[in-house]
Amino acid sequence: MKEQEPRIRDQGSERLELLLRQALPHIEDDADLDRDLWPAMLRRLDERRKVHVPWFDWVLAGGLAALLAVFPAWIPVLLYYL
């Protein structure tokens, strides 16, 4: 079995460790959340399901449908390029 090398600590790493300990909050073993996060997550998912389609997209879709109604031979061409 390989022996572990002793950790070499200098003043810079000790100072860095001290700064990190001061900057990050202490996490207790039995830390609980102040509130339940699941309802907030469900709200965010519901917001993403609502799709807002701009009016211009509806105009383009209607124009394409009208053109395909007038020129039905273009349907295979359109499907080829999709």
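**Salt bridge, helices and rings**

Me: How many salt bridges are there by the rule?

Reply: The count comes to one salt bridge, the rule being a side-chain nitrogen of Lys or Arg within 4 Å of a carboxyl oxygen of Asp or Glu. This is a predicted model, where local features need pLDDT of at least 70, side-chain atom pairs count only at pLDDT 80 or more, and totals for chains, interfaces and linings use all residues. Residues are numbered from 1 along each chain as its sequence is written, and side-chain values use heavy atoms, with hydrogens and water left out.

Me: What makes Arg-21 and Glu-17 a salt bridge?

Reply: Their closest N and O atoms are 3.0 Å apart, and the cut-off is within 4 Å, so the pair counts. Side chains of opposite charge can pair when their charged atoms come close.

Me: Where do Arg-21 and Glu-17 lie?

Reply: Both sit in helix α1 (residues 11–23), four residues apart, about one turn of the helix. A helix here is a DSSP run of H or I with at least four residues, a strand is a run of E with at least two, and numbering goes from the N terminus.

Me: Why is Arg-21 called exposed?

Reply: Arg-21 has 62% relative accessibility. Buried means under 20% relative accessible area, exposed over 50%, and partly exposed in between (1.4 Å probe, protein chains only). So Arg-21 counts as exposed, while Glu-17, with 25%, is partly exposed.

Me: How many helices and strands does the chain have?

Reply: Four helices and zero strands, which read along the sequence as α-α-α-α.

Me: How much of the chain is buried?

Reply: Buried residues make up 1% of the 82 residues.

Me: What makes Trp-55 and Phe-56 an edge-to-face pair?

Reply: It's one of three aromatic pairs in the structure. Trp-55 and Phe-56 are 5.9 Å centre to centre, with 90 degrees between the planes. Rings of Phe, Tyr and Trp (its six-membered ring) pair if their centres lie within 6.5 Å; planes under 30 degrees apart count as stacked, over 60 as edge-to-face and the rest as tilted. Trp-55, at 65% relative accessibility, is exposed, and Phe-56, at 46%, is partly exposed.

Me: Why is the pair of Tyr-80 and Tyr-81 called edge-to-face?

Reply: Their ring centres are 5.2 Å apart and their planes are at 80 degrees, so the pair is edge-to-face. Both Tyr-80 and Tyr-81 are exposed.

Me: Why does Met-41 count as partly exposed?

Reply: Met-41 has 39% relative accessibility, so it counts as partly exposed. Met-41 lies in helix α2 (residues 38–49).
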